[in-house]
Amino acid sequence: FFRYRVFATVYSTMDQAGNTEVSGQCNPEICANIFKGQVCGVSEEHSVERLSTWGVPALKVEAIQGDGTAQLLLAVHLAADTELLGETEKVQQACESLGYEAISSSPLAQALLELWQSLRGSPQLSFLKIQGAAQHCNVLAQWIAGLCLQKGPSFAPRIEKNPSAAVQWFRKASDRGFAPAQLSLSFCYSGGNGVPLNPAAAVEWCQKAAEQGYSAAQNRLGLFHETAFGVSKDLVAAAEWYRKAAMQGYPHALRNLGYCLKKGFGVPKDEAAAVEMYRKAADRGLVPAQFNLGFCYENGIGVPKDEKMALKLYLLAAAHGNANAQHQLGRFYENGVVFAKDEKLALEWYKKSAALNSKWAQFSLGQCYEKGIGVEKNKDFALEWYRKSGAKGYEEAIAALNRLGESTESLQLGAERRSKMVLVMTNP
């Protein structure tokens, strides 16, 4: 927060018109550059074009070294990624990434910081400044404006979502070859967000970004190949795209490549190598990878079995709202693993996980109510939780319903339909 206070002081020298004043002097050249499609105060060697395809790890290096463009791009990536950190943490880290170099030289960075922290005026005014830069062909501003309208309050406080308007900004920047915007446009087509669902168009725009070396797009393209979304299923191609993105340190790709190595999908099975991929992703803050790594330790997959290490990783992931980790903690309490056996605490962890729609936790809750684990037996509640789990296609829940004389035909049909929609539409 000390760094943030320093940045806020620098920021406060911007006047109401959006002109930047550093050391009491306005720099009209800097203010003009942003409306020419450049990020202010950055040399041609460190232009947006050079850095736009870099992943977070590489951007961090440049940001620490004082590159204002890298600081700005890093901040946007951190704020847009909902899987690396919680909502509060991601905004805090994004603000801290906006160093002196970015804030003192870029009105766009200043407007973005104002938007996130409401240091002055209203978020709507800050967004208008971002749109002003976007309207003057700043590709980075066009992408940020699109993100504001696509994500709404989760990215831009008190800015309402407008998916169709977001698509327009993404398309403007995409047509100029801006890889992050191309990937965002791909997301719109893959989810039918602001445009009709179009898997082929989703793959096309993702491919354009991936071929520029954009790690997030490479990972996404791997997912398309793995799940046969818009292309034929090709696990070898999927693993190769994951590998390309993983080589750049992209956390999601590290995790996906780890899964391929663990299962032998598109690559030779190598559980030890899978664990290393999970570890690298977990070290970079990817919460699902923390769970994956914990699961390997719990079950001795690629590493010696270590339930205490598994517990440590589950607690870390559960604290960030990972439903799978919360469910595993429930199992630890129910079975007396590491902890002393405590069925009531097990029940509480199952409830937390089930509230996040974990089919495994919903099944476990069904068992608790059926067998009286941590709670009085209640067949009606047991059936209710089994139905919720079975509706997600969990076979053990469907079997439990059959055992208790309940019809499951509609649940099985629903599971078959959902199996055709395996691609999770979340931003990278």
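Helices (H or I, at least four residues) and strands (E, at least two) are DSSP runs, numbered from the N terminus. This is a predicted model, in which local features need pLDDT of at least 70, side-chain atom pairs count only at pLDDT 80 or more, and totals for chains, interfaces and linings use all residues. Residues are numbered from 1 along each chain as its sequence is written, and side-chain values use heavy atoms, with hydrogens and water left out.

View 1. Glu-298 in helix 18 (residues 287-299). Glu-298 has a relative accessible area of 9% and is therefore buried (buried means under 20% relative accessible area, exposed over 50%, partly exposed in between; 1.4 Å probe, protein chains only). The side chains of Glu-298 and Gln-328 make a polar contact (2.9 Å). A polar contact is a pair of N or O atoms within 3.5 Å; within protein, one must be able to donate a hydrogen and the other to accept it, and residues adjacent in sequence count only if both atoms are side-chain atoms. Gln-328 lies in helix 20 (residues 323-335) and is buried, with a relative accessible area of 7%. Leaving aside neighbours within four places in sequence, Gln-328 is in contact with Phe-291, Phe-295, Glu-298 and Tyr-314.

**View 2. Two sides of helix 24 (residues 395-403).** The buried residues of helix 24 are Ala-397, Ile-398, Ala-400 and Leu-401. They lie on the same side of helix 24 because they cover an arc of only 160° around the axis (the arc is that of the directions from the helix axis to the C-beta atoms). On the other side, Glu-395 and Arg-403 are exposed. Gly-405, with a positive phi near 85°, follows helix 24.

Conventions:
Contact means heavy atoms within 4.5 Å.
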